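Subject: Model for your files

Dear colleague,

Here is the structure I said I would pass on. My notes on what was found in it follow below.

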Amino acid sequence: MSLSLKMSLFAATATLVAAPAFAQDADFLACLQNIKTEAVRQSVPAQVVDRAFQGLMPDPKVVELDSRQPEFSLTYAKYIGNSISPERISKGQQMMARHRTLLGELSRDYGVSPQYLIAFWGLETNYGTYMGDFQVVRSVATLACATKRAAFFTNETVQALRILAMNHMTSQQMKGSWAGAMGNMQFMPSTFTKWAVDRDGDGKVDIWSSAPDALTSAANFLRGIGFKNGLPSSDEVVLPKGFPLEQADTTIEKPVRAWAAMGVKRAGGGALPASDEPSAIVLPAGWRGPAFILYPNFKAVMNWNRSTLYALAVGILARQITGGPAVMQAPPADDEPLARETVIDIQTRLARLGFYTDEADGLLGPKTRSAVRLFQKQAGLPADGHATPDVVRRLQQAVR
Ligand SMILES: [Ca+2]
């Protein structure tokens with residue numbers, strides 16, 4: 001699911017790069033034959049595979065979408081603005097009310113807070129309103145046989161075939177995103193075969209049209225990836241004056257009490273929970289924007305989708321669904337998404353300063369942030385690791 005979501009968010013600002021040539025029919029058929037061998041080894045009846053693969057051709061749309069590269073990094077402001085809307089919050093509240101009994105049972109049986117299940121549902125498919133119309137077997141077989149991620153998608157295709165076998169459905173009925181994410185919660189086939197549950201007792205696991213099956217499957221998955229009722233995934237906080245900004249990083253963990261002792265408070269002024277759980281502070285829009293403390297459940301949310309902005313959005317939506325406040329601190333208005341080529345440019349300059357040793361890949365990851373911090377320190381700027389247009393300009397002037 002992480003894959004499809006990130007891709008779909010990027011799609012709006014993506015450029016088309018040259019699509020790889022299609023595999024020759026013979027290559028595609030040989031690839032399908034390999035997948036069939038593995039599926040049969042995993043107890044999928046051969047006739048189920050044959051029916052799914054009969055006349056199957058690679059999907060050129062899937063190959064094209066897979067070849068797109070994000071042109072810009074996403075900013076916190078843009079991501080959260082796209083993810084959280086008054087409509088999404090109020091529809092989430094309606095869903096909480098509509099499924100109250102089931103959600104209460106799931107909270108008791110699986111230890112996952114209802115508002116998180118509803119928040120994932122809202123972010124993945126807007127509560128089931130867009131689940132994708134691609135044929136999943138065709139999508140994942142195309143990705144297995146015509147892209148560089150063969151091993152991952154070979155397994156996904158095998159798992160998709162197992163779903164056909166266990167659910168007695170046709171591959172035409174099994175719909176999803178172009179990258180194979182399915183149903184209300186956008187489960188990849190391998191997530192489905194490992195975690196999906198038949199809750200309504202009709203003998204089929206239907207994550208497309210049964211809300212009980214979809215929500216229970218999400219609860220089972222979320223528990224499986226480490227979510228526990230207790231502290232939320234994150235809280236907005238206010239940092240005291242003089243807070244050492246280089247400590248605001250996902251890699252620096254302290255007990256919640258230790259941050260409180262440094263003067264970190266909840267946004268709005270309340271005290272942090274009296275807890276010894278490990279936690280980290282992040283500044284997703286830099287030191288001028290909101291600060292968040294990340295509790296252990298944040299890591300569980302990241303196991304669903306490995307994007308910090310996605311995980312922050314889950315926590316923000318979950319809070320507002322239960323009537324909690326919106327994020328109080330506005331992000332700076334002059335923050336801008338950086339073009340991939342700009343990120344490559346600053347990585348190259350940071351490397352010349354000896355601050356960055358990785359490949360210049362155009363992605364704003366932890367190593368780039370850490371290199372930006374070193375430059376900011378040297379330049380006497382607040383060391384938040386956030387590459388604003390101003391930081392980029394100063395770096396370009398400093399390193400020619
Ligand atoms: Ca069912």
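Predicted model: local features only at pLDDT ≥ 70, side-chain atom pairs only at ≥ 80, totals over all residues.

Calcium site

By that cut-off, the donors of the calcium ion are spaced along the chain as D-x1-D-x1-D-x1-K-x8-D. The residues are Asp 198, Asp 200, Asp 202, Lys 204 and Asp 213, at 2.2 to 3.1 Å. The angles among the six donor atoms run from 46 to 160°, and the site is irregular. Asp 213 is buried, at a relative accessible area of 0%, while Lys 204 is partly exposed, at 38%.

Disulfide

There is one disulfide in the structure. Its partners are Cys 31 and Cys 145, with an S to S distance of 2.0 Å. The bond connects distant parts of the chain, 114 residues apart: Cys 31 sits in helix H2 (residues 25–41) and Cys 145 in helix H9 (residues 136–146). The disulfide is left-handed, because the torsion about the S-S bond is about -85°. Both Cys 31 and Cys 145 are buried.

Helix H2

H2 is made up of 17 residues and spans 24 Å from its first C-alpha to its last, close to the 24 Å expected at 1.5 Å a residue. Its buried residues are Phe 28, Cys 31, Leu 32, Ile 35, Lys 36 and Ala 39. Viewed down the axis of H2, these buried residues fall within an arc of 145°, so they line one face of the helix. As background, an α-helix has 3.6 residues a turn, so residues three or four places apart point the same way.

What does the buried side of H2 pack against? The buried residues of H2 contact helix H3 (46–53), H9 and helix H10 (150–167). On the face of H2 turned away from the buried side are the exposed residues Ala 26, Asn 34, Thr 37 and Arg 41. After H2 comes Ser 43, which has a positive phi, near 70°.

Regards

Conventions. Residues numbered from 1 in each chain as written. Heavy atoms only, no water. Donors = N, O, S within 2.8 Å, 3.2 Å for Na, K, Ca; no water. Tetrahedral: all angles 85-135°; square planar, octahedral: opposite > 155°, others 65-115°. Buried < 20%, exposed > 50% of the residue type's maximum accessible area, 1.4 Å probe, protein only. Disulfide = S-S within 2.5 Å. Helix = DSSP H or I, 4+ residues; strand = E, 2+ residues; numbered from the N terminus. Expected span 1.5 Å × (residues − 1). Arc of directions from axis to C-beta. Contact = heavy atoms within 4.5 Å.
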